Structure formats: structure tokens, C-alpha cells
Amino acid sequence: MKITEEMVDYVSALARLKLADEERSAMAAELEHILEYMEMLGGLDTHDIAPMSHIFPVRNVLRADVAAPSMDRAVLLSGAPVPDGEAFLVPKAVD
Amino acid sequence: MTMMSLCRLTALELAGKLCAGEVTQREAVEAASARIAATQGTLNTFITPDGPAFPAADLSASPLAGVPMAYKDNISTRGVKTTCASKILGDFQPPYDATAVERLSAAGAVSMGKLNMDEFAMGSTSETSWYGSVRNPWDTGRAAGGSSGGAAAAVAAGQVWYAIASDTGGSIRQPAAHCGVTGMKPTYGAVSRYGLIAYASSLDQLGPIARSAADCAAVLDVMMGGDPRDGTSLDIPAGKLLASLSGDLRGRRVGIPADCFGDGLDGEVSRAVLAAAEVLKGRGAQVETFALPAVRYAVPAYYIIACAEASSNLSRFDGVKYGWRAEGYGDLNDLYCATRTGGFGREVKRRILLGTFVLSAGYYDAYYKKALQVKAVIKRAFDEAFEKYDLLLTPVTPATAPRLGESLSDPLKMYLGDVYTVSVNLAGLPAASMPCGFDAQGLPIGAQLIGPALGEQAVLDGAHAFQLDTDYHRRMPEVTL
């Protein structure tokens with residue numbers, strides 16, 4: 001399948017990535033090459049096979065409903081690029 | 001004992017000398033530190049070297065207590081920089097330990113620091129690291145394999161006696177093969193993933209790299225078992241793998257999938273792996289060849305599923321909660337884009353884009369859903385194989401370690417190198433890589449033993465039996481400094 005630079009732009013926007021012009025055309029060619037190879041899966045008949053997301057049967061995992069302290073806020077904020085002591089700071093998102 | 005002769009011991013041998021009082025914990029740590037200091041500049045195995053306070057460990061805590069080891073840098077260690085070898089995590093110090101780290105610390109593991117790897121474990125040569133490539137101790141012009149290249153090279157070079165790494169599509173087994181050491185990926189769910197920074201959650205699993213299968217058994221005894229903080233972990237009893245380890249393979253049936261010995265496999269690798277089958281026969285195993293055609297679809301199915309999951313898992317790296325943030329952004333979306341574009345390396349971006357594509361409207365059924373169906377086919381093929389066999393024997397890699405730089409120019413070629421390892425992750429099975437010979441250039445060759453789900457004991461028995469009759473795992477490279 002042909003992968004155009006427009007398609008690369010579309011998935012880049014979904015993935016919150018911004019490729020430079022020369023990177024975009026190289027990426028289009030690389031993705032096309034890789035996806036072309038992946039099309040070999042079409043050679044395996046799977047029409048009556050259910051897709052398998054979990055390798056072992058999924059079961060509901062519950063634990064006792066016991067209150068426990070959360071992680072300390074100051075400790076969590078200490079790893080943030082721009083904290084203010086109470087929250088993570090970001091540019092204004094809602095007017 | 002001289003420091004260098006200490007470095008040649010297995011982890012269990014060193015533990016024995018610590019318990020007997022023949023070697024002190026300080027001497028063991030100093031031997032590791034000296035070896036790291038001498039070889040780090042050449043091999044680039046560590047991102048963050050660290051060292052313990054003394055006394056480091058209670059020697060009665062476990063059979064490996066007091067033995068210096070190290071963690072791959074995608075495993076969370078409280079207060080110790082954890083980078084995933086990526087610029088985007090910056091100097092991130094996790095506020096908690098991974099469950100595996102907690103358990104190993106309680107068992108007396110002595111950490112020497114954090115090991116280099118491919119960025120976010122995405123790569124097969126440990127060259128995509130923001131911190132520079134790892135070099136193979138057997139030939140420093142070659143790659144150590146990946147993504148756990150730092151872990152395998154550190155053990156091979158005698159810097160530490162064992163390492164904890166992760167395996168999503170071969171990231172423990174493949175570098176172990178390229179570096180001539182033993183690596184084990186347990187059954188999916190056998191070890192808690194809590195604190196392992198996720199690449200592809202349905203495939204990721206933690207495991208050991210060490211000199212011997214017995215060392216791996218001792219490490220897994222500590223790591224395995226259910227964890228309330230990982231809902232996919234399996235509620236299995238604490239391990240008795242080491243205590244039950246047997247070199248007697250009488251009555252064990254070993255299958256060799258003919259489809260793993262076809263086109264694309266190097267002749268020297270093929271001969272060494274088939275010679276390993278003869279050693280297993282000598283220990284009593286019955287060996288026969290059979291067909292496993294489904295494995296030829298494993299690489300494309302694996303890369304679709306792994307990239308899809310990665311594109312979702314890596315969305316959490318956005319310059320807000322931890323790590324590095326770009327400068328000069330405008331609005332919030334721009335902050336995300338600038339940080340992710342500047343913080344991720346090329347291979348990570350490629351896989352995020354590939355994963356985003358296969359999940360996007362219009363392509364989901366043709367790629368992602370199809371890959372999940374192929375996964376079911378592969379799982380069924382392994383289930384059928386294990387009705388006839390207790391173990392499967394395959395190569396780990398199509399060839400020995402590539403030259404540095406050789407793989408980066410052609411990503412698809414690099415992905416195809418994972419042909420023998422990825423099906424094991426898709427099927428959730430345990431598998432070990434064990435050194436089984438050397439090629440004409442003196443580079444190590446690995447053989448893979450695959451077991452049925454929760455068949456860790458069978459896998460380790462097979463590798464242990466092989467190592468009782470061979471000495472490939474005892475050989476050490478002379479690192480050219």
C-alpha cells in the first residue's frame with residue numbers, strides 16, 4: 001500500500017509528533033516498506049479465528065476494599081518538569 | 001582470590017564463597033566496581049552506575065544474597081535515575097520500586113546500578129539508546145544485541161554476576177545469545193510487571209540474565225509469584241526451581257521445529273544448535289523434528305501488536321508529569337508535540353507512528369485485528385506442539401552479533417532478526433537462551449529452549465543439563481580496552 005506524506009502527517013498529528021520535512025518523506029518510505037511486508041499476513045486464512053488479545057483467560061481481579069494512603073503529593077510532583085507545589089503546570093487549555 | 005577470578009564465578013558460586021566467609025561482601029562489590037571502572041568506557045553498559053552501603057545484605061536472605069547485580073534502566077528503582085535510555089525521561093527518579101526490585105532487595109540483591117538498553121526497549125542492537133551504543137565484549141566493533149544489551153554485556157564482561165531485564169520480543173534472549181550468557185523469559189504473568197515501564201503490555205515480561213541456568217533459577221525463585229499491583233500476574237506458589245533443578249532428561253521429549261532451520265539461518269548457527277540437540281540426547285532426551293509453519297507469520301503479527309500497544313503506552317510521555325519538557329512551546333497541544341518530537345528518538349517515533357497507523361480508522365481490521373487472529377493461530381500451534389513435546393529447541397538469532405551501525409539503516413531487516421524469539425512472546429511461553437558454541441570469528445551462538453506455559457522447570461532443566469556437559473557458558477571474553 002502506498003503511504004503518502006499526507007498519511008504520515010495524519011498519524012503524526014494523532015500521535016502528537018511533528019516531523020521535519022526530510023524526516024516525513026523518509027518515514028513514509030520506511031512505513032510503506034514495513035507495511036508491505038506485513039501484508040504477508042493476508043496469506044493466512046483466519047476467517048473463522050477469534051482475535052486473541054489475552055493469552056490466558058481474563059478474569060476479574062478484585063482486592064479487598066481497604067483504605068490505604070496514596071503516594072505523597074510532594075514526592076510525585078518532585079519529578080515534574082514544571083510543578084507549583086500543588087499541581088502540574090501547563091499552558092492554559094480552557095478559556 | 002584475585003578480583004578477576006571472582007568475576008569468572010557464577011552468581012551461586014560467589015554466593016557460596018560469601019556464605020563460607022571466603023569472600024566478603026565488600027570484596028565482591030569492589031571486584032564488580034573495579035571491573036565496571038575498567039570496562040565501562042569501552043562497553044558503555046551502564047547508564048547510571050550505583051553502589052551499595054555496607055553491610056549490603058543479610059546473607060541468609062536467599063541463595064543469592066550479597067551478590068552484586070544490576071537492573072535494566074526500564075525497571076523503576078526508588079530514588080535512582082530511571083531513563084528507559086530516552087531523552088524524554090530526563091533525570092526521572094521513580095517514587096517507588098518495581099515489585100521485582102522490592103523482592104530482590106528483600107532477598108539480599110546488591111544493585112550496582114542501571115543498565116543501558118535500546119530506547120524504551122525498542123531495538124535489537126542497543127544502538128537506539130540516547131546514552132550511546134552498548135558494545136559487545138567479544139568484539140567491541142559489534143553490537144551486544146538488544147534491547148537488553150547493557151544487561152547481557154555486563155554479565156558477559158564480569159561487571160555483575162546477574163542482571164534483571166525485560167523481554168517483549170526477545171530482548172533478554174537475543175542479547176544473551178550475542179554475548180554468550182544465559183537469559184530466561186518466564187511465562188507471561190509469572191513475574192509482576194508493576195514498576196516495569198511498559199512497551200507492549202500484553203508481551204512484556206521481566207527475567208534474569210546470568211552465566212548459568214542454575215543462576216537464572218535462583219533469581220526466578222525470588223521474582224516469580226502473584227502481585228496484587230499487577231492484575232495480569234499469575235497466582236503461582238513461590239518458586240522451587242533451583243531446589244528442583246535436574247540434569248536428568250530421561251523421558252523428556254524435545255521437538256525441533258524444521259521451520260526454524262530454513263532459509264536465512266546462518267550455517268554455523270544451525271550446526272551449533274543441532275549439536276546442542278545431541279548433548280540433550282546424551283542426557284536422555286528423545287529428540288525429533290516436526291513442522292511448525294505458523295511461526296513464519298510471527299514477525300509481522302508481533303510488530304503490529306507491539307507497536308499498537310506502544311503507541312498507546314507511550315502517550316503518557318508528554319512533558320507534564322515527569323521527565324523532560326521542550327522549551328519554546330505555545331499552547332498545550334504544542335507542548336505535547338514539541339516535547340514528544342524532541343524527546344523521542346527515531347526508532348521510537350517510527351514504532352509509535354506504525355502503531356497509530358494500524359489502530360487508525362480504516363486500517364484496524366486489516367492490520368491489528370488480523371494480527372490478533374494470527375496470534376491465536378500461533379498460540380494454537382504451540383499448544384499442539386506441547387501435546388507431543390516437553391521442550392522445543394530452536395536458534396535464538398539467524399546470525400551472530402552484527403557490526404555496529406549495520407542494522408540501523410534498514411529497520412525491516414532488524415525486525416526480521418527477531419524471527420525465532422517473537423512467537424514465544426505472542427504465545428506467552430517461557431524460554432531460555434543458552435550459549436551453545438562460537439562461530440569462526442569467535443562470536444557466541446545461542447540456542448533457545450521453549451517450554452509450555454508455566455513450564456519454567458522443564459526449560460531450566462534442559463539448559464542446566466546442557467551446561468553440565470558443556471563449558472560455553474563459562475567462557476569469558478578478553479575485553480579490548
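Trainee: How many helices and strands does chain B have?
Mentor: This is a predicted model, where local features need pLDDT of at least 70, side-chain atom pairs count only at pLDDT 80 or more, and totals for chains, interfaces and linings use all residues. Residues are numbered from 1 along each chain as its sequence is written, while chains are lettered from A and ligands numbered from 1 in the order in which they are written. Helices (H or I, at least four residues) and strands (E, at least two) are DSSP runs, numbered from the N terminus. For chain B the count is 16 helices and 13 strands.

Trainee: In what order do the eleven strands of the open sheet stand?
Mentor: Two strands pair if DSSP finds at least two bridges between them. The pairing in this sheet of chain B is mixed. Its order is S1-S3-S2-S6-S8-S7-S12-S13-S11-S9-S10.

Trainee: Which strands stand at the edges?
Mentor: An edge strand here has a single partner strand, so one side of it is left without a neighbour in the sheet. In chain B these are S1 (46–49) and S10 (286–290).

Trainee: Which residue is the bridge partner of B:Val254 in S11(B)?
Mentor: Strand S9 (residues 253–257) of chain B pairs with strand S11 (residues 391–395) of chain B in the parallel sense, over two bridges. For B:Val254, the partner in S11(B) is B:Leu391.

Trainee: What share of the residues of chain B count as buried?
Mentor: A residue is buried if 20 or more other C-beta atoms, placed from the backbone, lie within 10 Å of its own, exposed if 12 or fewer, and partly exposed in between. Of the 481 residues of chain B, the buried share is 63%.
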